[in-house]
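Work through the exercises below with the sequence and the coordinates at hand. Each task is followed by a stepwise solution.

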Amino acid sequence: MHDILPETTPAWQALEQTLRTLAQGYGYEEIRVPLLERTELFVRTIGEVTDIIEKEMYTFEDLSGDSLSLRPEGTAGCVRACIENGLLHNQTRRLWYLGPMFRHERPQKGRYRQFHQWGVEAYGYNGPDIDAELILLSARLWRMLGIDGIVRLQINSLGTTESRARYRAALVEYLSAHHDRLDEDSRRRLHTNPLRILDSKNPELRDLLVTVPALGDYLDDESGDHFTGLRALLDAAGLAYEVNSRLVRGLDYYEKTVFEWVTDRLGAQGTVCAGGRYDRLIEQLGGRATPAAGFALGIERLLALLEDSAAPVVTPSPHVYLIAVGATAERAAPGFAEVLRDELPDLRLCVNCGGGNFKNQFRRADKSGAKVALILGDDELVNGVVGMKFLRDERAQEVVPRGELARRLRAAVL
Ligand code: ATP
Ligand code: MG
């Protein structure tokens, strides 16, 4: 779990602002749900034999003896909130959320125990048009961030639960015939969650997986049509993609469409954004059957990618640093600054705190990065003026009447 320090928060804030603007541009509304949920919610939705449930959850009993877990992902809580608050009654919903998720993973680059996801979810839409919208929205984000050249889209269809069961049988048969070539993890998954073996990050399994039966050959008609429909929409929109028949997801609730945006720039943790369709989840949690699709993107991975390719974002320096020398001036300074802030709401004004002689304060003004130092002394106060010194050029200090100060500063720094 990481502290996000002041030198890094500007990049987070800029990204968050971009995400908000993007979501608004597509008619998605923000939802904020708790970080803690009943453990059962995650077990029922994500699936008992997934990595997340088997070994990654932070689970504890509260004082009433209820088992609670820190959320490992956002979809389950979002769906629960929508059902409980009646957001899905005879209506469609387009929602997004942003916040920390918790998984007890082995920490490494791009893989943390507290990380952040931006999730986008659409409820009540059956057709592939919404799948395409979600994908196009994510593609726009890469363009907004200037990283569209370094991420690639992979799509696949998992079919319905029934067709996947037929595929699963074929897969288990194939993998069982090559049991000696499976690693320990895959042997364990062979009878619990064999599809997840396709997603193995172990390079030694690669050869074995090349000749594995293809999921696409087992698709039912409905899923096949849905997938063809999605491909036609992406083609018509001119968005390039790759069909990866081994693409599966780590959460059990997906069916039909799945997709990932991947990059070669982040080593083994190359998936920046991942999602798909989960038409049964809402009903499974006690809501009326409602089709659903969504994705989540990993903010830390995205920021790592941006760090590589975009100009760093920094907190802007103050425009003005206010120096106050003398007992009367020091007492007047905070109120003086407040009036100036009323006059110039966009002004970034840093007021000297902690006293100090003129030389000390002037040094702090310079270090703050401000463009202008204002100097308030006891005499200036009496005379209704203020000293004004440009810190980044050689102009001599001036005396400005208080009544003209706002106009002068607006011209100089805003
Ligand atoms: P992976 O295969 O990398 O473990 P996953 O299938 O567990 O990913 P999802 O649960 O679909 O991933 O999460 C969506 C995105 O959230 C991922 O693509 C990734 O960008 C990010 N993510 C997931 N787990 C972590 C983590 N532990 N640390 C940082 N980012 C993560
Ligand atoms: Mg994972």
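**Exercise 1.** How are α2 and α4 oriented to each other: roughly parallel or roughly perpendicular?

Solution. The model is a predicted one.
- Step 1: the axes of α2 (residues 39–46) and α4 (residues 75–84) come within 9 Å and cross at roughly 110°.
- Step 2: angles of 65 to 115 degrees count as roughly perpendicular.
- Step 3: α2 and α4 are therefore roughly perpendicular to each other.
- Step 4: α2 makes the contact with Leu-41, Phe-42 and Thr-45, and α4 with Ala-76, Gly-77 and Arg-80.
- Step 5: by class, three residues of this contact are nonpolar, two are polar and one is charged.

**Exercise 2.** Determine how many residues of α4 are buried, and what they pack against.

Solution.
- Step 1: buried means under 20% relative accessible area.
- Step 2: eight of the 10 residues of α4 are buried, which leaves the helix mostly covered.
- Step 3: the buried set includes Cys-78, Val-79, Ala-81 and Cys-82.
- Step 4: the packing partners of the buried residues are β2 (36–38), α2, β5 (93–102), β6 (114–123) and α10 (281–284).
- Step 5: just after α4, Gly-86 has a positive phi of about 65°.

**Exercise 3.** Find where the buried residues of α15 fall around its axis.

Solution.
- Step 1: in α15 (residues 405–413), Leu-405, Ala-406, Leu-409, Ala-412 and Val-413 are buried.
- Step 2: viewed down the axis of α15, the buried residues fall within an arc of 135°, so they line one face of the helix.
- Step 3: these residues pack against elements including α12 (327–343) and β14 (372–377).

Definitions and conventions: Residues numbered from 1 in each chain as written. Chains lettered and ligands numbered in written order. Predicted model: local features only at pLDDT ≥ 70, side-chain atom pairs only at ≥ 80, totals over all residues. Heavy atoms only, no water. Buried < 20%, exposed > 50% of the residue type's maximum accessible area, 1.4 Å probe, protein only. Helix = DSSP H or I, 4+ residues; strand = E, 2+ residues; numbered from the N terminus. Arc of directions from axis to C-beta. Contact = heavy atoms within 4.5 Å. Axes fitted to C-alpha atoms, helices over the stretch in contact; angles between N-to-C directions. Parallel < 35°, antiparallel > 145°, perpendicular 65-115°, else oblique. Nonpolar A, V, L, I, M, F, W, Y, C, P; charged D, E, K, R; others polar.
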